[in-house]
Amino acid sequence: MTFKEYYKYYLTLHQNKWNRRLHVLGQLITIAAFIFITYLITKVSIFFFPLYGIIPFIVYPFAWSGHFLLEKNKPASFKNPWWAKRADWVMLKDILIGKIKL
């Protein structure tokens, strides 16, 4: 399976607009956390560097609640976490450019 094929499958798991909105919220909070942690490292102390380790996981409470409560399906990250993470960013890009509607 190519990533393009996987992404089509990934989108079938994200048909509910509120689930997509929760994903976007989680991704935006992830970006904000990255910026904040970078600020802490550069302006306060290098000792905040380990906080970068939490960044990939910030989106999960938002995304997984959308899947379990709204879509009634299992998140794609359970089967293929690397491609799911990549697909999540591609979906965010597609939402921001208007290719996918919220």
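The model is a predicted one.

Start with α2, which covers residues 17-44. The helix has 28 residues and reaches 39 Å from its first C-alpha to its last. That is close to the 40 Å expected at 1.5 Å a residue.

Now look at what α2 buries. Its buried residues include N19, R20, H23, V24, G26 and Q27. Further along come T30, A33, I37, L40 and I41. These buried residues pack against α1 (3-12), α3 and α4.

Take the α3 partner next. Helix α3 spans residues 60-71, and its axis runs 8 Å from that of α2. The two pack at an angle of about 170 degrees. An angle over 145 counts as roughly antiparallel, and α2 and α3 are therefore roughly antiparallel to each other. From α2, the contact uses W18, N19, L22, H23, L25, G26 and I29. From α3, it uses F62, A63, S65, G66, H67, L70 and E71. By class, this contact has 7 nonpolar, 6 polar and 1 charged residues.

Is N73 buried or exposed? Its relative accessible area is 17%. Buried means under 20%, so N73 is buried. Leaving aside neighbours within four places in sequence, N73 is in contact with L13, H67 and F68. With L13 there is a polar approach: the backbone oxygen of L13 lies 3.3 Å from a polar atom of the N73 side chain. F48 is 25 residues from N73 along the chain, and their C-alpha atoms are separated by 36 Å.

Notes:
Residues numbered from 1 in each chain as written. Predicted model: local features only at pLDDT ≥ 70, side-chain atom pairs only at ≥ 80, totals over all residues. Heavy atoms only, no water. Axes fitted to C-alpha atoms, helices over the stretch in contact; angles between N-to-C directions. Helix = DSSP H or I, 4+ residues; strand = E, 2+ residues; numbered from the N terminus. Parallel < 35°, antiparallel > 145°, perpendicular 65-115°, else oblique. Contact = heavy atoms within 4.5 Å. Nonpolar A, V, L, I, M, F, W, Y, C, P; charged D, E, K, R; others polar. Buried < 20%, exposed > 50% of the residue type's maximum accessible area, 1.4 Å probe, protein only. Polar contact = N/O pair within 3.5 Å; in protein donor to acceptor, adjacent residues only side chain to side chain. Expected span 1.5 Å × (residues − 1).
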